[in-house]
Amino acid sequence: MNRGGGSGGFDAVVVGSGPNGLVGAVRLAEAGRRVLLVEAQDRIGGGLRTEELTLPGFRHDVCATVVPLALASPALRAIDPTRDGVEFLHPRVPAAHPLDGGRAALVLRDAAATAGGFGRDARRWRATVGATARAGFPLVDTLLAPLDLPPHAPFSLARYGVLGALPATVTGALFRDTAARAAFAGMAAHSILDLGAPVTAGYGLLIAALAHSVGWPVVRGGTQSLADGLAARLRGLGAEIVTGRRVRDLGELPPAPVTLLDLTPRQVLEIARDRLPLGYRRRLERYRYGSGVFKVDYALDGPVPWSDPAVGEAGTVHLGGTFEEVVAGELAVARGGHPDRPFVLGVQACVADPSRAPAGKHTFWAYCHVPNGSDVDMTAAIESQIERFAPGFRDRVLARHVMGPAALEAHNANEVGGDINGGAGDWRQFVSRPTLSAAPWRLPVAGLYLCSSSTPPGGGVHGMGGWQAAGLALHDTRS
Ligand SMILES: Cc1cc2nc3c(=O)[nH]c(=O)nc-3n(C[C@H](O)[C@H](O)[C@H](O)COP(=O)(O)OP(=O)(O)OC[C@H]3O[C@@H](n4cnc5c(N)ncnc54)[C@H](O)[C@@H]3O)c2cc1C
């Protein structure tokens, strides 16, 4: 590989161009470091890529679409990608959870209006999700930078922690009626865990609260535009970006005082090999990947024909029926099964961004959770769940593109066995990610840092792993 960066090579090399790699690279470049970013695939972005997966003119986000964490993240708030032309577009309804009988629970931007739709659960929604939203950025900053000391909002954190540390099955039982209970279960299911496990309520509270505090936006033109905006910032700062170059050994990289790895433990073990101390290697080998995802992208002849028209205004749709059904579906997956009626997460980006499809047409994606590495085709089960709440859906399908765990991993090596979060996010790997440490981004090799979603705070488009790793690297190498 060529040495770049003008005279004397690079100050920092970043391997992998997901949101964490890009954010880490931007933080280093903005501090004046000469940065080289190396990406295995032909296009940058990792989980931010957008492609015409089905038909010409239909732009599908291969991975992330709905990016509240990008608006909430202290890292991306500081970088402010809107300065590079990135536009966040909001659906009128952040999330809908259809129920049998043609009605739906709606999670709106406004917490009071949302609570108003939940009848006798209104007060409880305001006191749980609403309170989390009202705690605002100080609480979000504490949760997205969990090892920062002192915590940014200790009192809000304590209040959130009382309910958030519990299983979603316990906190969700605070709600009495079907609609609020189902809505909360759908939120908590973003944890991709058995909802009877600790901290799953915390996922539900935070994700639902973000709908009220920052909204659940999509990126105009596809999430790729966010990656392209960050790359434009990098190039403007003089950084060099190399694509189509899979790093197989750290020795292939040009020497630099700092190397950031936007990789999960499996790839770190592959490319760092015996540079890592034996004890650390053993701990990385014990790192656990979580359940996988089976995803279908659709090109549609028109919008999804939801029984409840309000669902047609939602960017995200949770398809799983009642609280009990969602809990049972996620438990089956956690135990290695494939439920007939899985919890399905649907995204209709066109509701906020019609540019994703030719005039009058729509894109839609839906995924369900599956055991890690599963090769079971879940297309029929996913479509039954969609048809249940949108009869006639199949008649609108012009084309579909299916990705099980193996296809996701081929698209992005970090999605090991279809795990979209860089490792299980249960309570143990919440506090030790990838190992128990006050600075888990710093690897036990001078100048080497881990910055992916396998570090705190885990999966999602927030860039905090990159931000924290770059901050440590700048601290360690300041002259
Ligand atoms: C189907 C799906 C839907 C999702 N939906 C959402 C959503 O709506 N909202 C949300 O916030 N999050 C979502 N996510 C999760 C989100 O995409 C990830 O959590 C996020 O992208 C992780 O960022 P990262 O920078 O850690 O790694 P990644 O984005 O995974 O990037 C890692 C990069 O490293 C590269 N790489 C790997 N190995 C090498 C190597 N040896 N040499 C060079 N390069 C290498 C990969 O090609 C990749 O580009 C979704 C993920 C998937 C798969």
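A residue is near a molecule if its C-beta atom, placed from the backbone, lies within 6 Å of it.

1. Basis. This is a predicted model, in which local features need pLDDT of at least 70 and side-chain atom pairs count only at pLDDT 80 or more, while totals for chains, interfaces and linings use all residues. Numbering starts from 1 along each chain as its sequence is written.

2. Ligand shell. There are 42 residues around the ligand, and Gly16, Gly18, Asn20, Gly46 and Gly47 come nearest. Two or more residues each are given by α1 (19–30), α12 (265–272) and β11 (292–300), the largest share, 3 residues, coming from α1. Helices (H or I, at least four residues) and strands (E, at least two) are DSSP runs, numbered from the N terminus.

3. Shell composition. The shell divides into 18 nonpolar, 19 polar and 5 charged residues. Here Asp, Glu, Lys and Arg count as charged, Ala, Val, Leu, Ile, Met, Phe, Trp, Tyr, Cys and Pro as nonpolar, and the others, Gly among them, as polar.

4. Sheet. Strand β11 also belongs to an open, mixed sheet of 7 strands, ordered β7-β6-β12-β13-β14-β11-β15. Its edge strands are β7 (103–107) and β15 (397–403). Strands pair if DSSP finds at least two bridges between them; β11 and β15 do so in the antiparallel sense over 6 bridges. Valine 296 has valine 402, in β15, as its bridge partner.

5. Alanine 185. Beyond its neighbours within four places in sequence, alanine 185 is in contact (C-beta atoms, placed from the backbone, within 7 Å) with Ala168, Gly172, Leu195, Phe323, Val326 and Val327.

Note on methods: Two residues are in contact if their C-beta atoms, placed from the backbone, lie within 7 Å.
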